[in-house]
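I opened the notebook to look up one chain, from its overall build down to a single side chain. Entries follow in the order I made them.

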Amino acid sequence: MTLTLRSETPADIDAIARLTAAAFLHAPHSSHTEHFIVDALRRHGQLTVSLIAEKDDAIVGHVALSPVEISSGATEWFGLGPISVLPECQAQGIGTLLMRAALSEIQRQGAQGCVLLGDPAYYGRFGFKPEPSLVLPGVPPEYFQALSFGGEMASGNVSYHDAFNATSAG
């Protein structure tokens with residue numbers, strides 16, 4: 001098995017949508033709109049990082065990062081997600097490689113930190129943890145997590161781009 005990570009290209013867009021839909025098809029806490037979200041982020045120029053994992057020339061994983069707004073005015077914070085791995089390729093370390101590469105890339109671009117919504121048991125191993133100073137309204141605080149890249153932890157209400165409300169293509 002040869003696994004490579006790289007930035008998406010226009011030729012990857014349809015495969016990313018299929019992969020993302022498949023990865024979340026049976027996820028219990030999914031809106032099943034994640035593939036629409038990635039496409040909407042791309043259309044609105046909000047897809048800061050879009051990395052794919054290829055195994056033997058097939059796209060098997062993808063991660064997206066986009067800017068978030070924080071009510072305090074803190075800047076250079078990003079939201080990680082969705083992150084997707086084909087169901088038959090999960091538990092092989094692909095998600096871990098995508099996470100590390102994505103976090104490294106936004107740090108390289110000057111990010112101050114990253115937030116995400118997800119399982120604390122999984123994302124804690126990357127340094128994410130619930131931060132009482134950062135709130136995603138309407139979400140249980142234990143599932144909204146943050147990671148500061150060495151600076152001061154931001155505070156305030158966090159909002160994602162409107163693309164996260166996408167429920168269909170286009």
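I count a contact when heavy atoms lie within 4.5 Å. The model is predicted.

**Arg 42.** I began with the neighbours of Arg 42. Leaving out residues up to four places away in sequence, I found that Arg 42 touches Glu 8, Ile 13, Ile 16 and Leu 47. With Glu 8 there is a polar contact, side chain to side chain, at 2.8 Å. I placed Arg 42 in helix H2, which spans residues 34-43.

**H1 against H2.** Next I looked up the helix pair. Two packed helices are described by the angle between their axes and the distance between the axes. Helix H1 covers residues 13-24 and packs on H2 at about 145°. The axes of H1 and H2 are 7 Å apart. From H1, I listed Ile 13, Ile 16, Ala 17, Thr 20, Ala 21 and Phe 24. They meet Glu 34, His 35, Val 38, Asp 39 and Arg 42 of H2. I sorted the residues of this contact into six nonpolar, two polar and three charged.

**Whole chain.** I then stepped back. The chain holds four helices and nine strands. Their order from the N terminus is β-α-α-β-β-β-α-β-α-β-β-β-β. How many of the contacts between residues at least 6 apart join residues at least 24 apart? I read 62%.

**Size and surface.** The radius of gyration is 15 Å, which agrees with the value near 15 Å for a compact globule of 170 residues. Along the principal axes, the C-alpha atoms fill a box of roughly 45 × 30 × 30 Å. I noted 47% of the 170 residues as buried. The accessible surface is about 8500 Å², with 53% belonging to carbon and sulfur atoms.

Notes:
Residues numbered from 1 in each chain as written. Predicted model: local features only at pLDDT ≥ 70, side-chain atom pairs only at ≥ 80, totals over all residues. Heavy atoms only, no water. Helix = DSSP H or I, 4+ residues; strand = E, 2+ residues; numbered from the N terminus. Polar contact = N/O pair within 3.5 Å; in protein donor to acceptor, adjacent residues only side chain to side chain. Axes fitted to C-alpha atoms, helices over the stretch in contact; angles between N-to-C directions. Nonpolar A, V, L, I, M, F, W, Y, C, P; charged D, E, K, R; others polar. Rg over C-alpha atoms; globule rule 2.2 N^0.38 Å. Buried < 20%, exposed > 50% of the residue type's maximum accessible area, 1.4 Å probe, protein only. Areas by Shrake-Rupley, 256 points an atom, 1.4 Å probe, with all protein chains shown as cover.
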